[in-house]
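Have the sequence and the structure open side by side.

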Amino acid sequence: MAFSSWISRLRSSSKPIYTKFRNSFTTTAPPPSLAAEIIVRCRHIRKPPVSPWARSLLPLALVVSAGSFISQSNGVNCPSYCQSPILDQTKGIGGKDSTDYLVKGSLKKIPQELIEELKLICKDNMTMDYDERYFHGKPQNSFHKAVNIPDIIVFPRSEEEVSKIVASCDKHKVPIVPYGGATSIEGHTLCPSGGVCIDMTLMKRVKSLNVKDMDVVVEPGIGWMELNEYLEPYGLFFPLDPGPGATIGGMCATRCSGSLAVRYGTMRENVINLKVVLANGEVVKTGSRARKSAAGYDLTRLMIGSEGTLGVITEVTLRLQKIPQYSVVAMCNFPTIKDAADVAIASMLSGIQVSRVELLDEVQVRAINLANDKKLPEAPTLMFEFIGTEAYSREQTLIVQKIASEHNGSDFVFAEDPEAKKELWKIRKEALWACFAMEPNFEAMITDVCVPLSHLAEIISKSKQELDASSLVCTVIAHAGDGNFHTVILFDPNKNEQRKEAERLNHFMVHAALDMEGTCTGEHGVGTGKMKYLEKELGIEALKTMKRIKDALDPNGIMNPGKLIPSHICF
């Protein structure tokens, strides 16, 4: 086959994207207020980098630009958008049909008594340094912004410290925002009302590995890539693969998934139990290590996807998988994006147990070529991964090759050599980073809709027509095996008409997905960016039920206020 010549194109001289563009993305914090800053530092607390670009490269769903900034409010009370006892009761972002992206909140002075209590709890592991607060208050991968930043950053080292921090904040009715790998893109870690940011990255131990049970108990600050490095010598791995840099705690909070979800499920299916600090400081364990249980309410699933609004996760027990014996990675081009989507659907209906089915449109492939000096065919492209025994993997590959040929597929290539597979899969991993090769100074709005698999070809075709007709640069990237697809919409943050056009395209795709009984977010979560769609998707009664749960577990409204539940919901 012509694989050797094809792979040589892939290996053409190119530098990694991040080295090509990282120097273009520097962020300068606005000047601090005239009030004296209290600084409590230690050598264990990292200094904020001059450029957050390296850190912003980490998530797979990567959005970053030079134009992002956070407006600092110097103690001026602003209207709140969250119905919470500690916040003003005015409608704002996140409400029904809201199109605002600047998150407002009420900034209140932190009681000195709380500061002293936190010093006793955290000792040197806390800071009120302005640069550190600014860095934590500005999402590295989101165009969403807030008028305020956190007042204090704490770095707990144990569950006991987290419990004491939360109890102290609850006593003083001061907002809390948990913080992990900073890879979320929907404004999950914004601090619109200031308060205390709990950075969990020092809590990253593997507490116990149970090889025979194929599970592991970890602290929330460990990254999934670090965890898999630890597990590899035991022949095990954790199968979820969101953006590099994502931590297990944050992955639980957003109910993330990734490219392997088509085979192994989302975070919901891969967490056995949790330990969570509730708003009053109590520690709750949500279940046992048993693989299944019918004992009581499913508190584990309640916390998975709660985005820090119900508690702070301090321990996670994860289900593990055996590292596959053998794998084949394949790639194929199509004349239209509908043809590619049809093949993804047909492959799933054939009963083949694929581990990945990823789709890139021709604009995305063009971005990859531009960013890496490659010469890949600029056409809608499907990527597959098949796992199992050598014979089974090859058999699956041949079946899908036949399906692709029946839907106008061409240039079907596959790789079994480890280096060749790595080279092929590198295309998908760099896809989002490559978008900024086309517009380095732009921001990106990323959609995350997911529909029943039978509607995938229809919604991608409709969306593609709308995207191609737009004046903005837009790419399509999909986890085609489970009906989840993303569009990266690049826009100039300094041109309001471009932002409005990006929002129009976003609305179009979300409402199209909802009309097909889909969802506004398949894996990125709600945060502040998707709240406005929840009433149409879930209905007012479901949102009222969520609000009742929230108020029961967090009566003072301190846990990541203003996220997930729209501001207009009451009961």
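R356 is buried, with a relative accessible area of 9%; buried here means under 20% relative accessible area, exposed means over 50%, and partly exposed is in between (1.4 Å probe, protein chains only). Its salt-bridge partner is D241, and the closest N and O atoms of the two are 3.1 Å apart. A salt bridge here is a side-chain nitrogen of Lys or Arg within 4 Å of a carboxyl oxygen of Asp or Glu. D241 is buried too, at 2% relative accessible area. The two come from distant parts of the chain, 115 residues apart: R356 sits in strand β15 (residues 354-360), while D241 sits in the loop between β9 (236-237) and α8 (248-254). Helices (H or I, at least four residues) and strands (E, at least two) are DSSP runs, numbered from the N terminus.

A word on ground rules: this is a predicted model, in which local features need pLDDT of at least 70 and side-chain atom pairs count only at pLDDT 80 or more, while totals for chains, interfaces and linings use all residues. Residues are numbered from 1 along each chain as its sequence is written, and side-chain values use heavy atoms, with hydrogens and water left out.

The salt-bridge count comes to 31. Three of the pairs are set out here.

| Pair | Closest N to O | Relative accessible area |
|---|---|---|
| D241 and R356 | 3.1 Å | D241 2%, R356 9% |
| E443 and K145 | 3.5 Å | E443 1%, K145 6% |

What does the bridge between E443 and K145 tie together? E443 belongs to strand β18 (residues 443-446) and K145 to strand β3 (residues 145-146), so the pair joins parts that are 298 residues apart in sequence. E443 counts as buried, and K145 does as well.

Strand β14 (residues 326-333) is mostly covered, with eight of its eight residues buried. Which residues point which way from β14? Y326, V328, A330 and C332 face one way, S327, V329, M331 and N333 face the other, and all are buried.

Strands of a sheet pair through backbone hydrogen bonds, either parallel or antiparallel. β14 pairs with β16 in the antiparallel sense over eight bridges, where pairing requires that DSSP finds at least two bridges between the strands. Y326 has G388 in β16 as its bridge partner. β14 also pairs with β17, again antiparallel, over four bridges, and there M331 stands opposite V413.

**Helix α12**

Helix α12 (residues 337-349) has 13 residues and spans 19 Å from first C-alpha to last, close to the expected 18 Å; that expected span is 1.5 Å times one less than the number of residues. Its buried residues include I337, A341, I345 and S347. The buried residues of α12 pack against β15, β16 (381-388), α14, α17 (456-469) and β19 (473-479), with contact meaning heavy atoms within 4.5 Å. Just after the helix, G351 takes a positive phi of about 90 degrees.

Elsewhere, four strands form an open sheet in the order β2-β4-β6-β5, with mixed pairing. The edge strands are β2 (126-127) and β5 (176-179), each pairing on one side only. β2 runs antiparallel to β4 (residues 152-154), joined by two bridges, and T127 stands opposite I153 in β4.

Helix α6 (residues 159-172) lies across β4, β5 and β6 (196-199), at about 170 degrees to β6. Axes are lines fitted to C-alpha atoms, for helices over the stretch in contact, and angles run from 0 to 180 degrees between N-to-C directions.

A polar atom of the S163 side chain lies 2.5 Å from the backbone oxygen of G281. S163 is buried, with a relative accessible area of 16%.

Key: Polar contact = N/O pair within 3.5 Å; in protein donor to acceptor, adjacent residues only side chain to side chain.
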